[in-house]
Amino acid sequence: MQSLSATHAKSLLLLSTILCTLNLVVTEQGFCSAISSVTDSNSNCNPLYSKVINPTLNPSHLQDLPGFTRSVYKSDHALITPESHVFSPLPDWSNTLGAYLVSPAMGAHFVMYIAKMQESAKSGCPPKDVERFVFVLQGSVTFTNVSGVGQTLMVDSFAYLPPNSEHLFESYESATLVVFERRYAYLENHVPEQIVGSTDQQPLLDTPGEVFELRKLLPTSLPYDFNIHIMDFQPGEFLNVKEVHYNQHGLLLLEGQGIYRLGDSWYPVQAGDAIWMAPFVPQWYAALGKIPTRYLLYKDVNRNPL
Ligand SMILES: *[C@@H]1O[C@H](CO)[C@@H](O)[C@H](O)[C@H]1NC(C)=O
């Protein structure tokens, strides 16, 4: 009897090993190759930044765990993971659902939100004196300003709108955007202008003492009171400086996974995760896993903190 059940257990183990192996293959095929999404952005199989909308650790797998979330909210930082996003209609936008991930209620001076535009959706205007930055994560939008010429913005494209500049984003099928807005900090004799571009057109910048690759999506000149950085890390690369600074951050992980240190907490993070960092929270990142990390980072700049 004992030997029979031992044999039974052995064959069960073997069976489950085979099933696991099979499952692994299916999973890998189901997600396609994550590497191809980085090297081949035209791949229909796995479009660029698709993991932001369909994270590796899919929220549907977490539905079996009552009450489980990786999200954390503390006084000096927050990690907001996709299973805790709550979407509701965005005021002033049509056919669009939004999830605010960072807002002044946390202590931030800006908002960061995901906007899911559905068929025939239209953007609303930001409040008076508020500037806006839009980055396309999925689908495409048509951007029109007062000059009236429509421009198509695809995944990886972005637009910056100075305060009080009339404009419209429209989606004909569907599009997902990450949007940053803040009340513009005016500076005498400096006027910001509309910027439209895409990440791959931005030059790589020097990062003395660091190994990550850096692109800035906005000009570094004085009219601009914030910038958006795109930072790339190969697996195993990490921030050299254990940063503590006056600037605040809103971060969206676009690709890859790793460990983010925020204050005294160390968080496993993956594409789709959003982070709020208050001024002076100790912060550090290491990219892990098999594919490079890319994240998008809001940072206030060019203004006297007084
Ligand atoms: C409207 O957009 C076009 C194309 O990006 C640009 O050339 C033009 O300067 C913009 N107009 C204003 C008022 O910013």
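Predicted model: local features only at pLDDT ≥ 70, side-chain atom pairs only at ≥ 80, totals over all residues.
A residue is counted as near a molecule if one of its heavy atoms lies within 4 Å of that molecule.

The ligand is surrounded by Asn145, Val146, Ser147, Gln151 and Gln194. Sorted by class, this shell comprises four polar residues, one nonpolar residue and no charged residues.

Asn145 places a polar side-chain atom 2.3 Å from an oxygen atom of the ligand. For Gln151, a polar side-chain atom is 2.9 Å from a ligand oxygen atom. Ser147, in turn, has a polar side-chain atom 3.1 Å from a nitrogen atom of the ligand.

I now move to the backbone. Most residues other than glycine have a negative phi. Although Asp156 is not a glycine, its phi is positive, at about 85 degrees. Is Asp156 buried or exposed? Its relative accessibility is 8%, and because buried means under 20%, Asp156 counts as buried.

A second case is Asn302, in the segment that follows strand S20 (293-300). Here too a residue other than glycine has a positive phi, near 65 degrees. Asn302 has a relative accessible area of 27%, and is therefore partly exposed.

Key:
Residues numbered from 1 in each chain as written. Heavy atoms only, no water. Polar contact = N/O pair within 3.5 Å; in protein donor to acceptor, adjacent residues only side chain to side chain. Nonpolar A, V, L, I, M, F, W, Y, C, P; charged D, E, K, R; others polar. Buried < 20%, exposed > 50% of the residue type's maximum accessible area, 1.4 Å probe, protein only. Helix = DSSP H or I, 4+ residues; strand = E, 2+ residues; numbered from the N terminus.
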